[in-house]
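Hi,

Here is the structure I promised to pass on.

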Amino acid sequence: MSEAHDPGEEPIAPDDQARPMFTRLAATVERLRNEVREAQATADGRALIEMAKGVLIERLHCGPTQAALQLQILSEQAGISELELAADLVNQAARDRISAAVGQFLRRTAAPEEAAAAVRLRTAESGLLAATDTQRVAESVLEHAVAPLGGTAVAIWSAGTDASLSLVGFAGIAPYEAERWRYVPPGVATLARQALVDRTALWNESLEPDGLPSIGDRTGARAAIPVGAGGKLLGVLEVCWPHPIEQQPSRVRRQFEALAELVAHTLESDLVVTPTSYRPDIADLVRLADGLFDPALVLLPHLVDGALTDFRIHHVNSCFLDPAGRPRGLISGALLLEAYPMAASEGRLFERIEHVYATGESYRAERMMLTELVDQIPLTLSAALSMARHGDAVLMVWRVEDEAARLAALLQHAQRLGRVGGFEESIANGEITWSAQLFALYGLAPSADPIPLAQLPSHVQDTDSDAVRQFLRTLLRYRRPASTAFRLVRSDGVTRHIRIIAEPVLDTAGHLLLIRGVYQDVSAQHWTEIALSATRDRLTHTEEQAAAQSRLARQLQQAIMPDEQPSTEASGLQIAVRYRPTEQDHLVGGDWYDAIVLPSKEILLSVGDIAGHGITAATGMVVLRNALRGLAATGAGPGQMLTWLNLVAHHLTDRIFATTLCGLYDPSTRVLRWARAGHLPPVLIRGGVASSLPPLKGMILGAATDASYEEGELQLESDDTLLLYTDGLIERRDRRLDECVAQLLITSAEFTGSLDERLDYLLDASDADTDDDTCVVGIHVG
């Protein structure tokens, strides 16, 4: 009986009526799920507090009410929560195996967070003891112990007698993901199995380099700790991180080993009940399948609510060849209908497997057509098939009927991979035969009518129609093989770049019988060639632009600072400079030097090094070098000049960063006042001994606005030599900077020639390998 409604009202669709109900139902389910989580967390904490109250009742000989009051008073006096105090009381009083494991862990990993660790582990322990299955154990371990340490998921594996692994508890993992990993057959390499085989804890900071299959995120980090008791391995505790992590300290590793001891108690008890459908004794059947020369599968029933819904592929032998070309590792462990969905319809294969499993009767067929979809294209093989049940497992063996079928399958794969479609068109009756791939190239359904060659010009872009007509004339009129390329415009508006190759088939009298050929979709190759051509053009432009900038920077550099200047005499002081640019044009740097006599008769000496290379570094060098000359004319000292020069680098330029050293030499007193901004101190050579001046405080130019620079003084004596230089003279990639400076001191002290000869010797003896510019300024007191 249907419900009546007002004819004037718009009828409500059933879906619209049901949608609010489903929304409310989903919200109710989510609310109840949150309430269950809160209740479980509260129960975990309440269990720990009740254990502590029991300790107080036994020790103080009081009742429950007095014990609760005493616990509250003690926690207030200690300034901690009741849960933390309860954990401490239970840790001291309990003597069971789990308490011993927790206590041992706390003694081995004593740290400022020891109380928090005690609460986490004790709370996990109370949840573990109150749990009725390993699922609750995993949830408690994740919530109270693993999550505070950065982990996001926990998996508890039980080891089978046939070297298989069963997922008996998990937390932080999606149900569908856990269902996929519910059973791991023998021989599948995972981190958990490797830890079980090696009998040691394994830490993998990132799964990407190894490529091992793993539950959860495939790019995160993992820890797999064997779980054992009494010398017997029971399973593995696996902890998951969603991203790669740093190598963990020994304290954290010991904490996870303590957690594994807690889990061992659960796996050892009667709480772990593995369904027999996941753990059959099929080792002999697996060995039998591996001894066959034909492809073989070992299938196990997959039950949902006690009903058979599918079969899990427990094992594939070494002769197995997947029709879709997938590796055996992806097939092993998968559900049969997920891996081969056509088994449910084609040839009633799945029904026959069900019948063999249900009745125990063997099945054998000399010829059976097996069809599978490969990239949505059906691939059919004819094979001899046999199936038999062994215990709870089904062994299925097949053999491809003949080599022609294997070659046909190979041809289908080749057409799919090469995006090639074949055709044959009869001239006599107009019959056209297309391969399945050709329908896909045209964007047509497999049931559509093939398009004759004569209509091909109407399916291409206008600019390609002449080339297609020339192709048809060569093929049909002159009866010679032909080929061409064109842009095919499909009915769905998509344009594909196609190449067609065809040949005529003639009879003995020279009459045209039919045309056969192939289409190939070359769209990917076409766009790749266009992208490569554009990339080459951009690269050529970039290289030309970079070369022009390098030439400009080199010209600017050489205009300001020639490679070498003649020595000069100024007020009894001999000055020599050397500049050696890098040999690589694209690494034109920003090193500079300066040595001028100021109007005050003082001599300004400076060297500097701009961060970076190219035109920016060269122009920055010019700005700072000329700015320092102008600041020197003010009469300020070196420290004040660097303070002002830092403001120039920070505010008046495009954020230049540079190191520099400047000094003012007074010829009348032979005193050198100097300051530095992150630069290497000068080298003083006196009496045949070379030493670096003490480093003065001062950060690099451009780093901060309020930088200040310490100023130092040096009283020079007759025959003293002072060297100012940039790091290009000494720096090597395989040495520390202090070692490079020490080598410079040795080289400087062992030479006794003139100042010019000394600078040339330093440049020739330099073994620097950083491809950087080099500046050296030398002064010699007469």
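Phe 320 has a relative accessibility of 2%, so it counts as buried (buried is under 20% relative accessible area, exposed over 50%, partly exposed in between, with a 1.4 Å probe and protein chains only). Trp 398 is buried too, at 12%.

Before I go on: this is a predicted model, so local features need pLDDT of at least 70 and side-chain atom pairs count only at pLDDT 80 or more, while totals for chains, interfaces and linings use all residues. Residues are numbered from 1 along each chain as its sequence is written, and side-chain values use heavy atoms, with hydrogens and water left out.

Back to the rings. I count 10 aromatic pairs, where rings of Phe, Tyr and Trp (its six-membered ring) pair if their centres lie within 6.5 Å; planes under 30 degrees apart are stacked, over 60 edge-to-face, and the rest tilted. Trp 203 and Trp 241 make a tilted pair, with 6.1 Å between centres and 40° between planes. That pair links distant parts of the chain, since Trp 203 sits in strand S4 (residues 202-204) and Trp 241 in strand S6 (residues 232-241), 38 residues apart. Both tryptophans, Trp 203 and Trp 241, are buried.

Phe 320 and Trp 398 have ring centres 5.8 Å apart and planes at 80°, so this pair is edge-to-face. Phe 320 is in the loop between strand S8 (307-316) and helix H11 (328-331), and Trp 398 is in strand S11 (residues 393-400), so the pair ties together parts 78 residues apart in sequence. There is also an aromatic cluster made up of Phe 423, Trp 434, Phe 439, Tyr 442 and Tyr 519.

One helix I looked at is H19 (residues 638-651): its 14 residues reach 20 Å from first C-alpha to last, close to the 20 Å expected at 1.5 Å a residue (the expected span is 1.5 Å times one less than the number of residues). Its buried residues include Met 641, Leu 642, Leu 645 and Val 648. Among the elements covering the buried residues of H19 are helix H18 (615-632) and strand S21 (658-666).

For the whole protein chain, there are 21 helices and 27 strands (DSSP runs, numbered from the N terminus: H or I of at least four residues for helices, E of at least two for strands). Buried residues are 45% of the 782. Of the contacts between residues at least 6 apart in sequence, 58% join residues at least 24 apart, a contact being heavy atoms within 4.5 Å.

Cheers
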